[in-house]
Amino acid sequence: MSLLVDFHCHLDLFKDFESIVQQCEQSRIYTLAVTTTPRAWERNKAITKNTKYVRAALGFHPQLVAQFKHELPLFFELIDETRYIGEIGIDGSKEYRNSIVDQTEVFNAILKRCAKSENKILSIHSRGAENEVFKALKNNVGAGKPILHWFTGSVKQLDEAIELGCWFSVGPAMLATQKGKMLVERMPLNKLLTETDAPFAKYDAVGLTPLNAPIAISLLADIWNKDSDASKQRVFSNLQTLLS
Ligand code: MN
């Protein structure tokens with residue numbers, strides 16, 4: 001059994017979506033295929049209908065909220081077709097700061113609606129808007145289990161996220177930076193999952209795929225001072241806990 005986990009990647013943005021899903025299945029990689037707009041859901045749902053390792057998430061990427069805000073009703077229509085919600089969140093970086101009011105509104109509305117369902121799992125983007133994301137999570141307790149994907153906030157913000165009970169998914173691109181390593185060292189071992197953020201993220205200048213999940217494991221193993229098998233087992237048992 002492979003026990004590998006990629007808990008945040010964008011399979012529908014690969015040129016051959018179906019073939020990458022099949023590769024994840026064959027390599028037995030537990031994969032969460034996040035999406036970026038509610039309109040992407042139907043195809044993701046169809047392609048992951050009979051998969052054992054790949055699950056699709058219903059998403060609304062904060063960077064696309066300004067452009068696709070009118071799709072929010074569709075998001076709500078679809079919300080109970082899956083337990084997995086993402087990519088959602090708020091992006092406060094320079095390019096997206098001008099839509100932060102809309103983004104915050106949409107994120108809060110999604111969390112509020114998630115709180116009416118049971119057991120949602122949330123893959124959350126928080127770049128440059130960590131405090132806004134925390135505030136929304138605090139305002140919507142019971143929305144589900146939040147996983148902060150590729151967290152890049154400060155140490156103080158990380159401590160707040162831990163305090164809030166957040167989980168974290170970390171990938172090769174994050175683990176390759178000094179700051180990323182420093183943050184991961186501070187994250188609780190039992191709240192950590194691996195991801196690739198494929199096809200966006202790169203490692204050693206090469207675009208990642210979920211098949212690169214072992215890179216995340218070996219970088220984590222270095223940080224944890226464990227061997228690869230023990231690290232893989234740790235992440236896998238975290239996944240089981242998350243889903244239980
Ligand atoms: Mn992403």
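Q: Two strands pair if DSSP finds at least two bridges between them; with that in mind, which residue in β8 stands opposite S169?
A: The model is a predicted one, in which local features need pLDDT of at least 70 and side-chain atom pairs count only at pLDDT 80 or more, while totals for chains, interfaces and linings use all residues. Residues are numbered from 1 along each chain as its sequence is written, and side-chain values use heavy atoms, leaving out hydrogens and water. Here L193 in β8 is the residue opposite S169, and three bridges join β7 (residues 167–170) to β8, the two strands running parallel.

Q: In what order do the five strands of the open sheet lie?
A: Strands of a sheet pair through backbone hydrogen bonds, either parallel or antiparallel. Strands here are DSSP runs of E with at least two residues, and helices are runs of H or I with at least four, numbered from the N terminus. The order is β4-β5-β6-β7-β8, with parallel pairing; β4 and β8 (192–194) are the edge strands, each pairing on one side only. From one strand to the next the twist averages 25 degrees, with axes fitted to C-alpha atoms (for helices over the stretch in contact) and angles running from 0 to 180 degrees between N-to-C directions.

Q: Which protein donors hold the manganese ion?
A: Donors are N, O and S atoms within 2.8 Å of the metal (3.2 Å for Na, K and Ca), and sites may look incomplete because water is not among the atoms. In this model H8 (NE2), H10 (NE2), E87 (OE) and D197 (OD) lie 2.3 to 2.4 Å from the manganese ion, with the spacing H-x1-H-x76-E-x109-D along the chain.

Q: Are H8 and E87 buried or exposed?
A: Buried means under 20% relative accessible area, exposed over 50%, and partly exposed in between (1.4 Å probe, protein chains only). H8 is buried at 0%, and E87 is buried at 2%.

Q: Which residues of helix α7 are buried?
A: In α7 (residues 155–163) they are Q157, L158 and A161. These residues lie on the same side of α7 because they cover an arc of only 105 degrees around the axis, taken from the directions from the helix axis to the C-beta atoms. They pack against α6 (130–139), β6 (145–149), β7 and α9 (178–186), where contact means heavy atoms within 4.5 Å. On the other side of α7, K156 and E163 are exposed, and just after the helix G165 takes a positive phi of about 85 degrees.

Definitions and conventions:
Two strands pair if DSSP finds at least two bridges between them.
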